[in-house]
Amino acid sequence: MAVQEQDSAGAPARASLVNDPKVRSLFYQVILVAGLVALGYFIVTNTIANLERQNIASGWGFLENTAGFGIIQSLIPYAETSTYGTAIMVGFFNTLMVAVVGIFFATIIGFVVGIARLSNNWVISKLAYWYVELIRNVPLLLQIFFWYFAVLRAVPGKRDKWSFGFDTFHLNITGLYGPKPIWETGSAFIVYAFILAIVLSVVIAKWAKKRQDATGQQFPVFLTAIGLIVGLPVITYFVTGMPVYLEHPNYVEKGPILRRGFELGVGAKLIPEFLALTAALAIYTAAFIAEIVRAGIQAVSHGQTEAARALGIRNGPTLRLVIIPQAMRVIIPPLTSQYLNLTKNSSLAVAIAFPDLVSVGGTVLNQTGQAIEIIAIWMAVYLSLSLITSAFMNWYNQRMALVER
Amino acid sequence: MANLDIAQVRTEEAPKLPAPVSTTGVIGWMRQNLFSSIGNTVLTVIGIYIAYSLIAPFIQFALIDAVWTGENREACLPKDGQHAGACWAYVKAYFPQFIYGRYPTEEVWRVNIVYFLFAALLIPLAMPSAPFKRTNALLFLVVFPIIAYFLLTGLVIGGNVILPVVETAQWGGLLVTLVIAVTGIVASLPLGIALALGRRSKMPIIKLVSVIFIEFWRGVPLITVLFMSSVMLPLFLPEGVTFDKLLRVLIGVTLFSAAYMAEVVRGGLQAIPKGQYEGAMALGLRFWPMMYLIILPQALKLVIPGIVNTFIGLFKDTTLVLIVGMFDLLGQIQSSFTDPTWSTPSQGHTGYLFAAIVFFVFCFGMSRYSIFMEHKLHTGHKR
């Protein structure tokens with residue numbers, strides 16, 4: 001349509017304006033804009049009228065009011081006397097926590113299963129195949145219910161426990177208990193040392209790459225970085241006089257029956273809602289990641305391996321320097337969108353009452369009736385997460401795109 | 001010279017020996033695929049152990065310890081020293097509810113006709129070799145929804161009740177799951193095509209609006225969309241206009257899946273070589289005839305696997321409607337747990353297992369079909 005060439009100056013005008021592509025396209029766009037404006041006007045006027053009828057004052061003022069409900073898990077200080085705004089922040093941080101932990105485990109499981117799927121070993125590859133098929137084809141919500149209502153209800157009761165990991169971790173129906181690091185004065189230096197180690201590693205990696213480009217000499221960047229990142233904080237830990245110690249959960253076995261069980265506030269505790277949600281999300285997303293990893297590795301043609309062989313490169317370096325960098329180019333874009341899916345799917349937390357953004361927002365919505373504001377907050381948060389992710393993806397794609405002559 | 005009578009050289013071929021036992025048949029296969037090296041053997045043993053420790057308890061629960069018949073919870077309570085097995089008697093008792101929800105028993109035949117029509121029209125449509133595709137598609141996409149609508153909701157003409165009205169609040173179980181998934185995908189297809197064309201349009205405003213629409217819906221979780229359609233949609237409408245709850249959910253689901261559908265269709269449009277567009281233009285076709293006659297038939301054929309995959313995703317996601325208080329298959333199962341008649345320790349496990357089996361059968365079947373179509377369609381376009 002619009003590709004027809006423009007009228008050159010002096011050429012006779014078209015027979016009719018109706019057939020001019022420019023006029024037509026302008027006409028359609030004007031109609032679309034007019035339709036959208038009319039729809040927007042219809043919605044806004046109706047909403048205002050409805051809100052007035054229901055006596056709901058729109059605006060963000062409600063965020064300053066006292067929430068008055070408790071939240072079972074929060075990363076920032078929260079009490080029932082805190083504001084609605086704080087409650088929503090608690091929900092936001094819980095969403096982020098589920099997303100980060102879920103992404104961590106999903107990536108590990110996904111890569112292991114994806115590589116297992118390509119194994120020459122029949123048993124291993126079939127196991128991986130059925131893992132992927134079974135998990136992918138069952139709804140996530142059902143899996144969350146399964147973990148929460150079926151698995152985590154089958155663990156020992158409140159006055160009992162099931163310990164593992166050399167008696168450092170304990171599981172019962174109230175959650176997973178473990179040691180909690182207590183940071184005393186002076187422990188800030190350990191954090192500084194950690195940051196310094198990361199900065200140093202980056203600098204060394206840059207320097208090593210420059211040197212290798214110039215001279216061809218390699219430098220063990222990976223080992224140095226690991227040594228720095230682990231070693232520097234450990235040395236600081238001992239130099240500053242061991243300011244960090246572990247507080248183990250206190251399990252009361254004796255005394256009145258109601259006092260038995262884990263003492264509140266001692267040691268670290270993860271609530272069962274968090275465990276069920278994270279387990280389900282990680283396992284579900286891992287099945288998709290496994291397929292991405294498999295496809296990515298298979299996308300690297302066999303000629304690459306053969307060429308590396310012909311150059312005399314051994315198996316390990318072939319994988320590290322030839323196969324993986326090329327596979328990653330295929331893997332990363334769909335992988336980021338899976339990460340995003342996991343983050344969005346974490347909103348299913350509302351089904352088992354884990355206080356994430358949607359769950360807390362739903363409570364606030366029910367209490368205040370501020371539907372538009374709450375849903376706007378939800379959408380803004382998830383939309384900005386996905387825009388950030390796609391911005392990262394575009395940046396990565398540009399960096400990694402095949403440079404063709 | 002020595003005696004030449006004694007032949008030192010064979011004059012005919014020796015009989016062929018069979019290949020060593022260790023390289024052929026089951027043993028050879030096992031040596032090659034399971035025990036080719038020490039590491040491989042260790043992996044095999046670990047793999048078999050994992051498989052055994054998963055499958056054995058499952059079979060024990062679902063088949064060996066299972067209770068198949070019974071009137072109430074007494075039958076399914078674990079006997080002394082026995083593990084609780086699956087309580088299939090409970091699934092049997094609740095089966096009508098899982099399939100039809102609270103649809104009135106005397107009207108269930110209407111749902112059955114809809115199920116039957118659905119299968120009878122979909123199966124020939126899905127088979128590449130079946131004839132009359134165009135008529136079939138027309139029947140399935142236009143005629144069937146109208147018939148199904150009146151059959152399911154009821155038909156009253158001028159005060160005469162031909163089919164008694166059944167409120168959507170009484171629907172449930174697999175019926176709701178299928179209604180939401182199928183309506184969502186069928187209604188989102190035309191919208192998705194329009195959005196995909198809009199996104200590839202050269203008119204800046206149309207392109208911008210399409211991009212914003214697609215990215216907005218793809219960026220938010222379905223839960224918030226469902227909340228929005230059930231809480232915010234009534235606010236958008238003039239006073240007195242109310243929507244059925246199911247219809248509100250359907251609107252939300254359709255808009256949501258239209259965005260995903262648009263991206264699938266766009267993939268198909270991008271796969272069509274430029275020569276096809278140019279050829280159509282050279283023939284003097286205008287935009288819509290070009291799309292309708294040349295581009296879309298090819299593009300849509302290419303994206304059938306993508307559409308099926310979108311449908312699988314939507315089918316699984318319909319479970320989320322239980323959060324806004326509707327009873328799909330999972331919601332119906334979840335709500336049956338409150339019934340004290342069947343309350344046993346294994347009730348939850350059995351219910352979830354049943355739901356998982358139903359969803360797995362549907363989704364696995366569809367994904368096999370999608371792979372089959374992909375192989376079938378991967379002929380003319382691959383260079």
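Two strands count as paired when DSSP finds at least two bridges between them. Keep that in mind for the close-ups below, which show a predicted model.

**View 1. A bridge between two strands of chain A.** Here A:L171 has A:L176, in strand 3 of chain A, as its bridge partner. In general, strands of a sheet are held in pairs by backbone hydrogen bonds, parallel or antiparallel.

**View 2. The open sheet of chain A.** Four strands line up in the order 1-2-3-8 in chain A, and the pairing is antiparallel. Strand 1 (162-164) and strand 8 (268-270) of chain A sit at the edges with a single partner strand each, so one side of each has no neighbour in the sheet. From one strand to the next, the twist averages 20°.

**View 3. Where chain A meets chain B.** The contact involves 46 residues of chain A and 45 residues of chain B. Helix 1 of chain A gives the largest share, 12 residues. Sorted by class, this side of chain A has 32 nonpolar, 11 polar and 3 charged residues.

**View 4. An annotated stretch of chain B.** An unreviewed UniProt entry puts the annotation "domain: ABC transmembrane type-1" on residues 174-370 of chain B. Over residues 174-370, chain B is 79% helix and 0% strand, and the end C-alpha atoms lie 22 Å apart.

Methods: Residues are numbered from 1 along each chain as its sequence is written. Chains are lettered from A and ligands numbered from 1 in the order in which they are written. This is a predicted model: local features need pLDDT of at least 70, side-chain atom pairs count only at pLDDT 80 or more; totals for chains, interfaces and linings use all residues. UniProt positions are given in the numbering used here, feature names are shortened, and annotations may be inferred rather than shown by experiment. Axes are lines fitted to C-alpha atoms, for helices over the stretch in contact, and angles run from 0 to 180 degrees between N-to-C directions. Two residues are in contact if their C-beta atoms, placed from the backbone, lie within 7 Å. Ala, Val, Leu, Ile, Met, Phe, Trp, Tyr, Cys and Pro count as nonpolar, Asp, Glu, Lys and Arg as charged, and the others, Gly among them, as polar.
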